[in-house]
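I opened my notebook for a new model. I wanted to look up the ligand site first and then a few single residues.

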Amino acid sequence: MKDLIARLPKAELHLHIEGSFEPGLLFEIARRNRVALPYDTIEELRNAYKFLNLQEFLDIYYQGMKALLEEEDYFDLTRAYLDRCAADNVTHVEIFFDPQGHTGRGVPFEVVVKGILAGLEDGERRHGITWRLIMSFLRHLSEEDGFATLKEAEPWLDRFTGVGLDSSESGNPPMKFARLFARCRAMGLLLCCHAGEEGPPDYVREALEIGIDRIDHGNRALEDPELVREIVRRGLTLTVCPLSNTALGVIERMAESPVGRMLEAGLSVTVNSDDPAYFGGYMNANFEAVAAGLGLSEGDIVQLARNSFTGSFLPEAEKARRCAAVEAARMG
Ligand code: ADE
Ligand code: ZN
């Protein structure tokens with residue numbers, strides 16, 4: 001199984017670039033930027049990565065981001081992530097970044113975007129990894145703040161495939177951002193939304209009403225059979241994150257991962273790493289953990305790899321080519 005997982009080409013569709021900030025690189029960048037950290041050693045920082053829920057993680061995630069100040073920092077962060085992708089045979093990535101987590105600290109929008117784009121282009125050159133960049137809004141902030149960020153993003157919009165919605169889900173339903181998402185749609189951006197990670201099935205329903213193109217997590221949609229049928233009917237892909245779910249207490253053990261029930265329900269489910277530096281594993285580790293926890297078959301693993309490409313924002317002809325590559329790799 002481990003061999004098959006490593007051998008298959010895969011796309012990662014749910015990854016926060018700031019969540020790939022490994023403690024070693026975090027210390028190195030904090031030192032060169034003279035940013036003080038509340039931890040003396042890498043080990044101490046790692047020991048702080050114990051979370052009871054999403055908010056406890058987010059507090060540490062936003063703290064970690066504070067080390068990032070210069071274009072070079074964003075470049076190094078992105079480069080390191082793509083090196084890990086290459087090692088896991090991830091051949092296409094669609095990554096989120098949280099501009100408000102940086103501009104809110106005084107880092108100019110263009111510093112963030114230039115660094116990430118340079119890192120993505122570098123990774124494409126060195127590893128042949130194709131990519132899409134998705135600008136994510138922080139849902140604990142106001143819709144007005146989101147509109148201001150969209151304004152700042154205007155010169156860069158042709159470099160972004162879509163927008164997302166992340167951060168503290170409870171109390172911040174998708175409808176809070178209905179006008180912002182309508183504007184983004186009118187501007188030709190695709191729409192993603194974290195929903196049903198901690199929030200109720202109604203939040204997933206709202207995300208559908210807003211007209212989203214992909215659901216991030218979507219775990220709790222399974223509590224509502226009618227909603228599941230609607231997601232199948234629309235052919236929407238869900239980006240599930242197994243190690244994230246256990247690390248944040250969204251599920252108690254891997255045997256409860258929604259991946260199995262989603263496959264059975266005929267949903268287009270994918271496996272992703274979310275914030276791998278914080279949750280203990282990149283793509284292959286997520287595939288291995290969920291395969292072991294649920295007792296998935298080789299056929300299931302191949303289906304998940306295929307879904308990662310069919311659920312991507314690549315053009316249809318390219319999706320077909322990538323699926324053919326999955327089939328070829330399956331044979332070994
Ligand atoms: N930001 C980074 N990771 C996230 C997650 N799993 N849920 C919501 N917001 C996030
Ligand atoms: Zn996420």
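Which backbone N or O atom lies 2.8 Å from a nitrogen atom of ligand 1? I found that it belongs to S167. I count this as a polar contact (a pair of N or O atoms within 3.5 Å; within protein, one must be able to donate a hydrogen and the other to accept it, and residues adjacent in sequence count only if both atoms are side-chain atoms).

I noted the ground rules next. This is a predicted model, where local features need pLDDT of at least 70, side-chain atom pairs count only at pLDDT 80 or more, and totals for chains, interfaces and linings use all residues. Residues are numbered from 1 along each chain as its sequence is written, chains are lettered from A and ligands numbered from 1 in the order in which they are written, and side-chain values use heavy atoms, with hydrogens and water left out.

**Entry: ligand 1**

An N or O atom in the side chain of D274 is 2.7 Å from a nitrogen atom of ligand 1. For D275, a side-chain N or O atom is also 2.7 Å from a nitrogen atom of the ligand. On its own, ligand 1 has 260 Å² of accessible area, and the protein covers 100% of this. Such areas come from the Shrake-Rupley method with a 1.4 Å probe; for residues, only the protein chains shown count as cover.

I then listed the residues around ligand 1, those with a heavy atom within 4 Å of it. Among them are H16, Y61, D166, H194 and E197. By class, I counted 4 nonpolar, 4 polar and 4 charged residues in this shell. Helix α4, residues 54-65, gives the most, with 4 residues. Helices here are DSSP runs (H or I, at least four residues), and strands are runs of E with at least two.

**Entry: H217**

H217 is also in the shell around ligand 1. I placed H217 in strand β6, residues 214-217. Its phi is positive, about 75°, although H217 is not a glycine. Is H217 buried or exposed? H217 counts as buried because its relative accessibility is 0%, and buried means under 20% (exposed is over 50%, partly exposed in between; 1.4 Å probe, protein chains only).

N89 is found in the loop between α5 and β2. Phi of N89 is near 60°, a positive value in a residue other than glycine. N89 is partly exposed, at 26% relative accessible area.

E70 lies in the loop between α4 and α5. I read 43% for its relative accessible area, so E70 is partly exposed. The C-alpha atoms of E70 and I29 are separated by 9.5 Å, with the two residues 41 apart along the chain.

Definitions and conventions:
Ala, Val, Leu, Ile, Met, Phe, Trp, Tyr, Cys and Pro count as nonpolar, Asp, Glu, Lys and Arg as charged, and the others, Gly among them, as polar.
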